[in-house]
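Q: Could we go through the packing and the aromatic side chains of this one together?

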Amino acid sequence: MGERVRDGYLLTTDPARVDKAVVHRWLSEDSYWAAGRDYDLVARSIDGSVPYTIRSGPDQVAFARAVTDGVTFAWISDVYVDRAHRGRGLGGWLVDAMVEDFTAAGVLRLMLATRDAHEVYRRSGFEPLAGPRLFMEIDRHPSRAAILE
């Protein structure tokens, strides 16, 4: 983990480089999975995760986080690229960096959920659950219907 540079962008795992207000705006106003999520919830979720941020100069332009024990499991969540910076491979770079870092750390299982970006994540090595019948959930997301569309 740490920092990487590519095409004028800086990818960092430094929690101090996360602009929580920007992430909150992206997630609560422009994502289907976190629509309406309040600031406190977003801030606490970032604080309880390993954040990955891409910056262009002083501006944050992409974000994702991993919920992990650092050994057996990592859940990649809240992957978002600012609309003005989409189409430049930043989402793939972000997820690839996470896969690389957690693989190097020996994390055995990485998971994520998506409604519409399966091909993006497939390029990073993700595939559908091999045993979906093994998994169960309690999902209290207010936006659950939007997530499952």
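This is a predicted model: local features need pLDDT of at least 70, side-chain atom pairs count only at pLDDT 80 or more; totals for chains, interfaces and linings use all residues.

Q: Which residues touch the most other members in the largest nonpolar core?
A: In that core of 26 residues, they are Ile 54, Leu 94, Phe 102, Leu 110 and Phe 126.

Q: And which elements give two or more residues to this core?
A: Those elements are the strands β2 (9-12), β3 (50-56), β4 (59-68) and β5 (73-81), together with the helix α3 (90-104), and α3 supplies the largest share, eight residues.

Q: What does Phe 126 touch, leaving out residues up to four places away in sequence?
A: Phe 126 touches Ile 76, Val 95, Val 99, Leu 110, Met 111, Leu 112 and Tyr 121.

Q: Is Phe 126 buried or exposed?
A: Phe 126 has a relative accessibility of 15%, and because buried means under 20%, it counts as buried; Tyr 121, at 10%, is buried as well.

Q: How are the rings of Tyr 121 and Phe 126 arranged?
A: They form an edge-to-face pair, with 6.4 Å from centre to centre and 80° between the planes.

Q: How many aromatic pairs are there in the whole structure?
A: The search finds four, and one of them joins Tyr 32 and Trp 33, whose planes lie at 85° with the centres 5.1 Å apart, so that pair is edge-to-face.

Q: Where else does Tyr 32 turn up?
A: Tyr 32 belongs to a second, separate core of 12 residues, which also includes Val 22, Ala 34 and Phe 63, and the charged end of Arg 115 sits over the ring of Tyr 32, 3.9 Å from its centre.

Q: Which ring does the charged end of Arg 86 sit over?
A: The charged end of Arg 86 sits over the ring of Tyr 80, 5.0 Å from the ring's centre.

Definitions and conventions:
Residues are numbered from 1 along each chain as its sequence is written. Side-chain values use heavy atoms; hydrogens and water are left out. A nonpolar core is a set of buried Ala, Val, Leu, Ile, Met, Phe, Trp, Tyr and Cys residues joined through side-chain atoms within 4.5 Å. Buried means under 20% relative accessible area, exposed over 50%, partly exposed in between (1.4 Å probe, protein chains only). Helices (H or I, at least four residues) and strands (E, at least two) are DSSP runs, numbered from the N terminus. Contact means heavy atoms within 4.5 Å. Rings of Phe, Tyr and Trp (its six-membered ring) pair if their centres lie within 6.5 Å; planes under 30 degrees apart count as stacked, over 60 as edge-to-face and the rest as tilted. A charge sits over a ring if NZ of Lys or CZ of Arg is within 6 Å of the ring centre and within 35 degrees of the ring normal.
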